[in-house]
Amino acid sequence: MSISALFDMIQNNISLIIILIFAGVPLLIGSTAANRSVSTISDFFLCNRSLGTALSFCTIYATWWSSFAFLGSTSSFYTQGPLYWIALGWNVLFGILFCVFGKPLWLQSRLRNYRTPVDFFHDKYHSRPLDIAAILLMVGLSIPYISVQFLGGGIIIEMATNGLIPWRISALLFFMIMILYIWSGGLRAIAWTDALYSIMIFSGMLLIGILFIHMTGGVGETFSELAKTHPENLHLPAVVNGTLGAGFWFSLLVIMPLGELMMPQIWIRTYAVKKSRTFDAMPFLLSIATLAYLGTMLAGNAAAVLEPDYPGASDYILPAMLIKYLPPVLMAFIICCAAAACLSTANSQLHSISEILTLDIYKTYFHRKAPEKHLILAAKGFILLIAMLAYLLLLFGNLSTIFQTAFLAFSGIIQLAVPAVGGLFWEKRDARSALSGLLFGLAVTFLFSLWQPFVLPVSPGLIGLICNACLYFGMSMYRSRKAKGSIAEERMPEPKAEIKPSKQKNLKTLWIAIIASFVLMGGPLIILLDHSHLNIAHIPILYLFVFALWIALCVLTFIGWRMRWGEKSEDAEK
């Protein structure tokens with residue numbers, strides 16, 4: 001073969017070559033991580049609780065931003081207008097909740113040697129039925145979500161290679177690669193891989209916005225054109241999945257951050273943090289990273305101008321535009337960025353679910369005295385088993401859109417937030433109240449998800465959460481009055497640092513400003529702005545108002561970071 005022929009072959013298949021290189025990089029990272037790993041449960045599942053701030057941020061960011069963030073957000077802006085723009089709020093709220101909830105949870109995980117989410121629930125409630133309910137909920141809702149990640153990744157690879165690699169083959173290839181590098185390095189391999197994925201996700205999301213908004217003449221021109229051709233794209237939809245549009249907006253603000261916080265992979269990363277100061281930095285870092293949604297917002301609205309009548313599924317409007325409008329090298333790079341969003345969530349879920357099945361099921365009920373090497377081998381077997389189940393569901397299941405599947409998973413798992421918050425902060429907690437509230441909340445959530453006799457004011461998941469919380473706190477208060485001496489008396493005191501009066505006043509002002517920002521972002525004012533038809537330079541006032549609040553929250557979280565959120569945790573770290 002001549003040099004020119006070889007060059008032509010490479011040029012004609014450059015997209016495929018870039019994708020194959022992208023698929024192989026995690027194996028190199030995994031093999032490097034394996035050289036640093038030791039055959040212990042703590043190392044394989046928790047990286048010996050040694051994640052620093054930078055690596056913790058990267059792996060949390062990459063885990064949190066899935067295909068739901070990359071493909072799903074672009075699709076939502078394309079079909080539902082500004083509905084997804086509330087993501088600027090829910091990502092900041094997730095960072096704040098990760099600090100407020102995660103820091104005391106991290107401290108107790110050190111004191112009590114928690115390794116799985118179920119360890120926490122068992123320590124606080126001593127209830128096997130509640131443990132089983134938590135296991136079923138986490139595992140049952142994670143597997144469909146894993147399948148959707150690989151469906152998204154598989155289809156965009158098939159589109160990028162013009163069918164040369166069918167989505168079933170590309171999904172299987174990614175499954176195999178992921179299994180190998182998780183086997184080799186455990187959480188360390190995942191965290192190192194996520195460092196690469198997080199850079200790709202952030203840069204890819206911003207890049208698509210810059211590229212496509214340039215093609216439509218700029219931000220103002222794009223919104224001006226939409227006002228003429230598709231004015232409905234400039235306003236919240238009246239009804240979303242049987243819920244009022246404004247109510248769904250508020251539901252997203254609550255359900256998305258709380259739901260992600262309850263996902264098993266986030267619990268594992270909370271336990272794996274090395275120092276408490278990491279939690280202080282996380283709200284600001286995650287707030288700044290939210291800037292990436294500016295890219296998908298611009299890309300989604302540009303798509304409504306460039307491809308107003310796209311015939312395929314809206315989840316794949318982005319890869320269709322990449323293939324149509326961009327040169328092969330740039331298209332392949334952004335396709336890999338989108339695939340990174342899919343894989344970075346799936347790898348974490350496979351790993352965390354295998355830990356639950358290994359330690360909370362296999363070790364607890366079948367092999368209590370199993371040595372650590374045996375448990376690691378069992379965990380690798382569970383990783384393979386979960387991957388096979390997710391792939392079979394992918395082939396034979398009837399999965400919904402990325403947005404709907406993710407939101408349903410979050411609406412279910414958010415019900416764990418009530419016993420989790422109660423376990424940390426509620427002294428009158430008891431197991432019967434926790435289990436009753438959890439089951440009642442799930443029943444209400446799935447009832448109104450399947451049966452909607454009228455348009456709901458807020459989403460079924462939020463209604464279920466409210467019912468769950470009312471029953472839990474009401475029942476636990478009633479039971480604590482009847483029987484003195486509850487499990488709360490066994491609660492270990494947490495180390496607290498004294499806060500100077502001046503600093504306490506500043507901290508109070510900070511929290512008032514943060515809460516006021518979220519009230520403005522999710523409250524009735526949004527409805528007025530949405531119906532006002534006001535704009536500045538053709539940009540709807542709703543977009544500008546939420547963006548201004550996001551900037552304010554970034555400043556406030558930076559101040560909170562510098563204040564250490566009013567706490568000094570050096571003693572706890574010791």
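The second largest pocket is lined by 21 residues, of which Leu-97, Val-254, Leu-258, Val-421 and Leu-465 lie nearest its centre. A pocket is an open set of points on a 1 Å grid over the protein atoms alone, with protein on both sides within 12 Å along at least five of seven lines, and lining residues have an atom within 4 Å of a point. The model is predicted, so local features need pLDDT of at least 70 and side-chain atom pairs count only at pLDDT 80 or more, whereas totals for chains, interfaces and linings use all residues. Residues are numbered from 1 along each chain as its sequence is written, and side-chain values use heavy atoms, with hydrogens and water left out.

About 430 Å³ of space lies in the second largest pocket, a volume being the space filled by probe spheres set on grid points that are joined across faces, edges and corners. At least two lining residues each come from helix 6, helix 11 (245–262), helix 19 (417–425), helix 21 (460–482) and helix 22 (501–522). Helices (H or I, at least four residues) and strands (E, at least two) are DSSP runs, numbered from the N terminus. Helix 11 gives the largest share of this lining, 6 residues. By residue class, the lining of the second largest pocket has 19 nonpolar, 2 polar and no charged residues. Here Ala, Val, Leu, Ile, Met, Phe, Trp, Tyr, Cys and Pro count as nonpolar, Asp, Glu, Lys and Arg as charged, and the others, Gly among them, as polar.

The structure also holds 1 cavity of 30 Å³ or more, a cavity being a set of points where a 1.4 Å probe fits but cannot get out. The largest cavity contains about 50 Å³ of space. Its lining includes Trp-64, Trp-65, Trp-90, Tyr-145, Tyr-293 and Phe-410. Helix 5 (67–80) and helix 6 (87–112) are the elements that give two or more residues to the lining of this cavity. The lining of the largest cavity divides into 8 nonpolar, 2 polar and no charged residues.

The count of aromatic pairs is 40. Rings of Phe, Tyr and Trp (its six-membered ring) pair if their centres lie within 6.5 Å; planes under 30 degrees apart count as stacked, over 60 as edge-to-face and the rest as tilted. Phe-101 and Trp-267 form an edge-to-face pair, because their ring centres are 5.8 Å apart and their planes lie at 80°. This pair links distant parts of the chain, with Phe-101 in helix 6 and Trp-267 in helix 12 (residues 264–272), 166 residues apart. Both Phe-101 and Trp-267 are buried, where buried means under 20% relative accessible area, exposed over 50% and partly exposed in between (1.4 Å probe, protein chains only).

The number of disulfides is 0, a disulfide being a pair of cysteine sulfur atoms within 2.5 Å. For Cys-336, the closest cysteine sulfur is that of Cys-337, 7.1 Å away, which is too far for a bond. Cys-336 is buried, with a relative accessible area of 2%, and Cys-337 is buried at 0%.

Two residues in loops between strands have a positive phi. Asn-241, not a glycine, has a phi of about 50° and lies between strand 1 (239–240) and strand 2 (243–244). Asn-241 is partly exposed, at 38% relative accessible area. His-538 has a phi near 75° and lies in the loop between strand 3 (535–536) and strand 4 (539–540).
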